[in-house]
Amino acid sequence: MIFAELWRELESLGRDPGTGGYRRYSWTAADAQCRAWFTRQADNLGLAVEPDHNGNLWAWWGRRRPGAVVTGSHLDSVPDGGGYDGALGVASALAAVAELKDKNFDPERAVAIAVMTEEEGARFRVPCLGSRLMTGAVDPETARGLTDDDGVTLAEAMTAAGADASLLGPDEDLLADIGVFVELHVEQGRALAPLGAAVGIAKGIWPHGRWRLDFGGRADHAGTARLADRKDPMLPYARTVLAARRAAADSGGLATIGKVIAEPGGANGVSSAVTAWLDARAPDEDRLEKTVTTVRSASMRYSAECGVTLSVRQESYTPPVHFDQGLRDRIDGVLAAAGIAAPVLPTGAGHDAGILAARIPTAMLFVRNPTGVSHSPAEHADLADCEAGVRALALILEDLAGRR
Ligand SMILES: [Zn+2]
């Protein structure tokens, strides 16, 4: 089976031998290896690979023309990420095209496989950067100036990798040629396993955002400052973590504080300041707002009680995405006709498909993740399920590209 062969070659690229996690950051040596792998595989299938203006790769089956049926995903990873997030969608796309070529399918519409860049935002901190640049959701000048943890700008990183950052920006010509976009992705969460289904169809993406909380206190001596005299920002911060958990549970959403910086960071002192980042997601905007408002007001109350200042700033916000109903129904019909039961699922994770959905009829397929764990080396999908995903994707491409 071609999928297993593709996967074997990709599996070792950008993997840290110590943690077993992937560090495929955009415009690094690992990224170059992944791009070279993709180009080689597409070449083997007779597809013509071209980069676009924003660092994304496109492999075309047939001449690029309006109405193209596009599938694909991303090859970059979060720090020590799993092997399936993004990569599964790209490898499955190649395998699906190989399957269609094997049975001599002759598409009426152009078919393309896209590899989007910096989807995770792991290096330059803006997720879905490739699709956001393409659709004009991010200003190219701002993008060029984004820096990584070492202070390297995106423009410098692209130049070092042999790409031209001066061309970044909206790509209306390319967008005009895409008829539909279907992204296959490993499931992030655990909804398919209890349903006994290998493949699911995405309903939409929850609205989500990121908030920065700055707690300001007063540095003091851990051995001499009386408890009553302290202004310890760690106390309201700690209570805020618990409040976020409670607020999410009450609203049926999710809230996570996964990053925190304590200053000056001494083990024998009261902190002068604590900065924490709240990631919140919910099934709808009302519930998301309620979650964040609840956390914010609890945090303000705790801070006041401890004599600590607090400022809360929204760093990013993504409204809900509803995938195209017509396309979803069509995919559902194709899979049902083939005897594949694919449940419809919502998700709290952002994807390039969610960004492109603002401009193009877009859909997503999920492949069962038995534990639900993602953004971790423990992320997994069984080979049989990956093959079921390839088969489903091939059926969908055949249907979408085969008739007008
Ligand atoms: Zn992903």
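## Rings, cores and a zinc site

A search of the whole structure finds 5 aromatic pairs. The model is a predicted one.

Take W58 and W60. Their ring centres are 6.3 Å apart, and their planes meet at 20°. That angle is under the 30 degrees that counts as stacked, so the pair W58 and W60 is stacked. W58 has a relative accessibility of 1% and counts as buried. W60 is buried too, with a relative accessible area of 4%. Elsewhere, an aromatic cluster is formed by F3, W7 and Y84.

Two cases are set out here.

| Charged residue | Ring | Distance to ring centre |
|---|---|---|
| R35 | W27 | 4.2 Å |
| K259 | W277 | 4.6 Å |

In the second, K259 lies over the face of W277.

Next comes the metal. Three residues coordinate the zinc ion: H74 through NE2, D85 through OD and H185 through NE2. The distances run from 2.0 to 2.2 Å. Along the chain, the donors of the zinc ion follow the spacing H-x10-D-x99-H. H74 belongs to strand β3, residues 68-74, while H185 belongs to strand β5, residues 178-186. These two histidines are 111 residues apart, and the pair links distant parts of the chain.

Are H74 and H185 buried or exposed? H74 has a relative accessible area of 0% and is buried. H185 has a relative accessibility of 1%, so H185 counts as buried. The cut-off for buried is under 20%.

The largest nonpolar core holds 58 residues. Which of its residues touch the most other members? They are W37, F38 and L365. Helix α3, residues 87-102, gives this core its largest share, 11 residues.

F38 deserves a separate look. Leaving out residues up to four places away in sequence, F38 touches L57, A59, L75, V90, L94, I113 and V115.

To recap, the zinc ion is held by H74, D85 and H185. W58 and W60 form a stacked pair. W37, F38 and L365 touch the most other members of the largest nonpolar core.

Notes. Residues are numbered from 1 along each chain as its sequence is written. This is a predicted model: local features need pLDDT of at least 70, side-chain atom pairs count only at pLDDT 80 or more; totals for chains, interfaces and linings use all residues. Side-chain values use heavy atoms; hydrogens and water are left out. A nonpolar core is a set of buried Ala, Val, Leu, Ile, Met, Phe, Trp, Tyr and Cys residues joined through side-chain atoms within 4.5 Å. Buried means under 20% relative accessible area, exposed over 50%, partly exposed in between (1.4 Å probe, protein chains only). Helices (H or I, at least four residues) and strands (E, at least two) are DSSP runs, numbered from the N terminus. Contact means heavy atoms within 4.5 Å. Donors are N, O and S atoms within 2.8 Å of the metal (3.2 Å for Na, K and Ca); water is not among the atoms, so sites may look incomplete. Rings of Phe, Tyr and Trp (its six-membered ring) pair if their centres lie within 6.5 Å; planes under 30 degrees apart count as stacked, over 60 as edge-to-face and the rest as tilted. A charge sits over a ring if NZ of Lys or CZ of Arg is within 6 Å of the ring centre and within 35 degrees of the ring normal.
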